[in-house]
Amino acid sequence: MENNNRRYFKSLEELNSPESIQPKEFESGTPGKNVVEESDFDLKSSRRDFLKFMGFGISAATLAACTKTPVKKAIPYAVKPHEVDPGVPNYYASYYGDGGYGVLVKTREGRPIKIEGNDLDPLSLGGTTAAGQASVLSLYDEGRLKAPVKNGVETTWEVVDKEVYSGLRKITANGGKIAILSNGIDSPSTLRAIAKFKETHPSTVHVQYDAVSYAGIRDAYASSIGRSIIPSYDISKAKTIVSFNADFLGTWLSPLVFTKQYSSVRDVTASEDMAYHVQFESHLSLTGSKADLRIPCKPSEQGAAMVAVYNELASMAGASKAGNPGSFNPHCTSEKIKHVAKELWDSRHEGALVLSGSNDSNEQSLCIEINKLLGSYGKTIDSNKEVNLFSGNDREMKGLISDMKNGGVSALIVYGANPSYNYPDAAAFNEGLAKVELTVSLSDRLDETSQKVTYVAPDHHWLESWNDHNPVKGQYNLSQPTIPNIFNTRQAQESILSWGKAYGKYYDFIRETWMMESGAMSTRGFETFWKQTLHDGVYVEGRAHSDAASNSVAHEDVNTEHADHVTEMVSDTTVTRVGLLAAARNTISGERSLGESIRDVRHGREEVSETTNSHSVTSTSSSTDTYDNSSIIGGSVDVTSIASTLISAKNNASDTEITLYQKTGIMDGKFSNNPWLLELPDSVSKVAWDNYACISPVFASENGYQDGDLISVTAGNTTIENVPVLLMPGQLSGTISIALGYGRNMDSQAGRVANGVGINVYSLVELKDTKRYHTSGSISKTGSGYELAKTQTHHHIQIPAGLQKQDRPSTVQRKADIVKETSLGTLVAYRGSKGHGGDHGHDDHGHGHGSAPVDKVYAGKGDQPEKYKHLNIYPEWKDTNNYYKALHWGMSVNLNTCTGCNACVVACQSENNIPVVGKEEVMRRRELHWLRIDRYFATPDKKEEDRDILYTDNPSVMFQPLMCQHCDNAPCENVCPVNAINHSSEGINQQIYNRCMGTRYCANNCPYKVRRFNWFAYYDNEKFNYNFTMNSGLGRMVLNPDVTVRARGVMEKCNFCTQRIQAAKLVAKTENRALRDGDVQTACQQACPANAIQFGNTNDPHSKVSKVKQGDLSYRLVELLNTNNSVYYTTQVRNVKLESEMPVEDTHETVEAH
Amino acid sequence: MVEAPIREPLILGNKTYKQISDDVIGPIENKPSMSWLAGFTASVLVLGLFAVGVGITLFEGIGAWGLQRTVGWAFDITNFVFWVGIGHAGTLISAVLLLFRQHWRTSINRSAEAMTIFAVVCAGQFPLIHAGRPWVAYWIPPLPNDLGSLWPNFNSPLAWDVFAISTYLTVSLVFWFCGLVPDFALVRDRATKKIPKFIYGFVSLGWTGSLKQWNRFELVSLILAGMATPLVLSVHTIVSFDFATSVIPGWHTTIFPPYFVAGAIFSGFGMVHTLLIVVRKVMNLEAYITINHLEQMAKVIMLTGTMVGIAYGTEMFMAMYSGYEYEMFTFMNRAFGPYAWAYWIMMSCNVISPQVYWFKKARTSPVFMFIISIFVNIGMWFERFVIIVTSLHRDFLVSSWSMYTPTWVEMAILIGSFGLFFTLFFLFSKYLPMIAVSEVKATYKLTQRGKDRDALNGKSIPSDIVYDHDYSYSADKLEKKTIEESLSESHDH
């Protein structure tokens, strides 16, 4: 047959254009198609070629066969736990006891790797702190004890239990006194366990002791209203906040809670409703940095300043004054005092709040009186909703130590406290300890105290523990284990119970506690209630539980240890709801509430203590569950005598005063063997890995001190040698400040990171009736040349002398490109002139009428002006196929609400496996943090002649979290010779680690210097053994398996948590829907307690980040470079009310500079 | 060709062709002198320092250097640009001056070319060792690979560098080698021992000195000179793009290409000065590398030094005139900031010191010229240091400002790179003819034979002249003379 010329077709389309109907598997073409062309297969090989190839093939195969491939064994699950899916994280609700807030713990394949905030917890509302973020690393610290210890030698639990119990029995039988020394406990079941212990050993006293004490507040309330409480403060209801040295955003009481509240009254992106914040302090704290008016004030003057404010308020209220406080340092003028008092008085109806950070009950009493005058109780302070954190009692501790020294204590059980390290008179404690017959510690490591005791019964890490908590009245949190105990440790409560002969699992004990409280409920109702609480992590009286089904995060109520207890299906939502409501009803209206019984336990404790008689609470006063806040008005305190005490304290103060403060990461030093926290630069001083004496630059220049000098600090009988000096703008002349929590001296293994870092200054704490964190003293220079690891070395003032003349305009300009600041007045005037709110519109005409709050370099925000379009050398991504089609990621950072708390920095480090590089490397400016917080100082005063003095004594401070800006016109991308930086179609600069050859050109060309280089191999490298996330098998368990550990010699940087984006996309895909705003949360965003960071799709006009981007306060860094950043900053707005405090940017001069 | 009768002879001392051959080839044939041995040993020791520095860097990582998050380049790229710059004089002398028929170049071009190649070899070390992962450096050339068509980023000046430097090295090497061929043949023909005869015979590629070979030789020289000349301009232009295409104030400058080229020639001539002033003394080549040669180079140094000075001034002016505050700051910071000392070393060494060459006394005194040449070397090293470090250490965000201090490893590598350079140079001076014998002889005839020479020397040609094999003809002679004339001339021998 001849050739068939017919053409068969199925449709007209096929006939006309056969290609168009070909099914396409890949829209953008088959991968690899361009590599292998069809013509490549038309090979013409000769016989010779065949022989050559065969010869090569045989020899290659022979050579390859010479290497023995190592056999790697993987053991699969015999029975896969139902909740563990490889690659899928599980989240468990728990409670971070040392920060006092609820968290979610992210686990992967059975190991906790990350702490997230729990948005169901009314305290954290999804936020976390730096210390909380870092606590997951402590779980994998090889310094923890791996087994119980007797006299420094590892032993077995049987031995410890037998000997401790028989010892205790003997002591009880002989009528000896047993003391349990713990830190402040907010756990009802723990207190019940101690009460149980007491049943067996009736001679037991329980003393609670906090390294940083809040006993002054409790004492003040005890004398004022007869109840030893810490009330709840609610900053979110305040219009004017005046804080006397209470660093409530950084370290005071519950900074996380306060930051949440504070950010809600400080955000002006959409409204102009902004609280006014005044801070009196001597040391520049986070809180002082955010204040609208910061009044430097010596510690000794703070009480008197409060008297002055009280006097002003009293005269307005028609009450009598409390004595003449006299004059203060030059910063603290009577005009300012009057102004503060007037602001407080004017806002008393809307909500005023005065806080005192002092641990002096006199100051706290005066603070109560001022708040009374302002009518704050019931508005901004709730004395009914008492805070159960920091229940330590300094007097009891003092009593215990003197008892010990007198030989009055036969057995001491230390739980959660470390007085050998952090008690001011540690020597006295140690002396007493030596006289105690039986000493037991429940510490997780051989710390300063547990090195000196006979038995150490190591406690679980909190991520291995069960516990319950009652941080605030009416709220109950549960901790649950997220991993079985790694070492041979035992929950401390179980130890206490077993020594009290009440054996059992603590889990059952907690359930028993809770079941006792809700006794009216059926078992089934309790199970549901329990599981729901466990799932949520929190139970709030009067609030319904969350609906598990609607919860987007996979909270799971799983405990690995006690899975047998979980018998019912959680998905039975009907039962859940009914059970919940019943439980809530029962608990609220029941005869005995949970809170009440805890209080009983507490009172039990108070009855046995000897020193609280003066203000012990009678059981009748606590029989009613609620107190009327108005009852506090009736309290009677002699204001005049308090005032005269405070005034005389001021008048008798010495020239040099020392304040002791905490840093946001290390806090009181309990978890200082945590390299993430040690490497975390202090937000204000930007120093990592050390504590130091902050000295005012003015004072230093007058007295000849320099950065890096070593001084000895003397207060009373205590002298501390070799404290390095840091010239710290904002430190008041005549005062020095030193951070607590450093200078650990643990067992070499237990403290292998922390030992010897910094200096322990707890001995400077003054022991009066309560511990005082400021004291009088003197300093003298003993040496010099000590180098501190600063991540930021230059302030504006350090521009070289030759530049001083030019410095002023250019510094202002530079700052204006980088951090922008304006006043609320300017903003309101600007918005008024535009005739609408802040949501849209910006001043296209420059600074015509009412200067714009932000200098707009380019009018068309986000794009360069049309007339310059053609000048662009960068690729036009938008014209490129598929770029920015659906997603264009962007981030916004609200400088106004950001407090510089550092939670984001540690969150980023934890999420992205960022190595710790150590002090030496930080000193060489090689810290690897992808996200850093830049700190800028500015003078609050525009008068040139006063500038230097005021600048360094009381600068205004701005924090700016800085991560990769993900420029659309990225300078880093086009200079990489090997294409290791890729611009994703979603606008992310993707660093491809395994393509990078490490030329570092990208880092040089980055205007923001956010790129970080792996100078060394930070993993498996003895030189970096403090980086135990990568240098020990145990430490490596904390690594996020979704993120590569970067090799030596490659560049790395923030990638907008691309692994989270991918995870969210997968979830959306399985649910067959588009990504929604909020599906992707970067680690920094999730950690931020101030909601300052938003992340989302800027293509979506309704996304949160788009709204911020469109706002009139939004700007981008160094916009004149036209790098087209994807990170939008919101201008810092200060609610400036005093003319002298106006930010420099408002001055005519700078506005004209453009 | 116009000869200037009053011009001083390029080669002094009434050399005969044989004497020239003896003078130049002698060191190859004889045992090394003590001074050579001492110098070579010292160089190898310093090269050992280089090996130690590089070894530590490769073993530990770039962290062994003083670089950090803000200053990502310092000594490494400074050294790279410094050595590349030095590599400019050789090609300029051999190629550009060849094209311009500057006969004085013949005495110095061989060593200048050698210097070029060795300098480029030194320069080439730095891009390699400065990379975090040098073992993947082969990713930069566009090699076929199994990752799809994952090629280098042709937008990156670092990729351009690779092409520019490798092209330059190749062309320079070929040019140098071609010029060496007739001289290799001369060594071969004079050699008495078997092994040298074989080796030099091998590398002389069967050179017989036939007319055809001379013709090809001259043509190849011209073609290579034509190819090398634009490279002189392009290499440093492209190196300057490493900085000019960035966004960093102080780097992002359009003046960089001409400014870098001028600086490179400046530093290259400086280094030629340094070397030749020593070499002519040590190797007894004063007759060939005369004061006249040195003076010519001093003039080039003065010219290019002035050009560099104008470039500095222009940069500063443009920064102040631009209204671009970051750039204004960068330049003020250069001049008055913490690295001001480096800036003023650069200014005084590069701009002020060559100005003494306005005085004839200065540019005819070898000692003085040696001192100035050292200044030029130092100044030009600091120029690169100033450009790189002072621009980076304080750029846009005040928060990132920092100071850079080198570690001993970097110092060792910098010093050691001189060891590498001098080791190669000593080897060259021992095993290769340091002066282009054939070209010198050609020049010699042109400038010194006949009545001019007689007039200058005041005497006639000695009668006892014994000509050895003389293959030297210059290109211009070929143009002028007929083949018969040439043949008849060679019959003279």
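Here are some notes on this predicted model, point by point.

1. Ground rules first. Residues are numbered from 1 along each chain as its sequence is written, and chains are lettered from A and ligands numbered from 1 in the order in which they are written. This is a predicted model, in which local features need pLDDT of at least 70, side-chain atom pairs count only at pLDDT 80 or more and totals for chains, interfaces and linings use all residues, while side-chain values use heavy atoms, with hydrogens and water left out.

2. Chain A as a whole. Chain A has 33 helices and 41 strands, taken as DSSP runs numbered from the N terminus (helices are H or I, at least four residues; strands are E, at least two). Of its 1154 residues, 62% count as buried, where buried means under 20% relative accessible area, exposed over 50% and partly exposed in between (1.4 Å probe, protein chains only). The accessible surface of chain A is about 43,100 Å², with 52% of that belonging to carbon and sulfur atoms; these areas come from the Shrake-Rupley method with a 1.4 Å probe, and for residues only the protein chains shown count as cover. Among chain A contacts (heavy atoms within 4.5 Å) between residues at least 6 apart in sequence, 74% join residues at least 24 apart.

3. An open sheet. Three strands of chain A form an open sheet in the order β1-β2-β3, with antiparallel pairing; two strands pair if DSSP finds at least two bridges between them. β1 (90-96) and β3 (111-117) of chain A are at the edges with a single partner strand each, so one side of each has no neighbour in the sheet. From one strand to the next the twist averages 35 degrees, with axes fitted as lines to C-alpha atoms (for helices over the stretch in contact) and angles running from 0 to 180 degrees between N-to-C directions. Six antiparallel bridges connect β2 (residues 101-108) of chain A with β3(A), and V105(A) has I115(A) as its bridge partner.

4. A closed barrel. Six strands of chain A make a closed barrel, β20-β25-β22-β24-β23-β28, with mixed pairing. Here the twist averages 45 degrees from one strand to the next. Within it, β23 (residues 710-715) and β24 (residues 718-727) of chain A run antiparallel and share five bridges, among them the one between V713(A) and I720(A).

5. A buried strand. How many of the seven residues of β33 (residues 956-962) of chain A are buried? Seven of the seven are, so the strand is largely enclosed by the rest of the structure. On one side sit S956(A), M958(A), Q960(A) and L962(A), and on the other V957(A), F959(A) and P961(A). β32 (residues 932-938) of chain A runs antiparallel to β33(A) and is joined to it by seven bridges, with R932(A) partnered by L962(A).

6. As for charges, R926(A) has its charged end over the ring of W1015(A), 4.9 Å from the centre (NZ of Lys or CZ of Arg within 6 Å of the ring centre and within 35 degrees of the ring normal).
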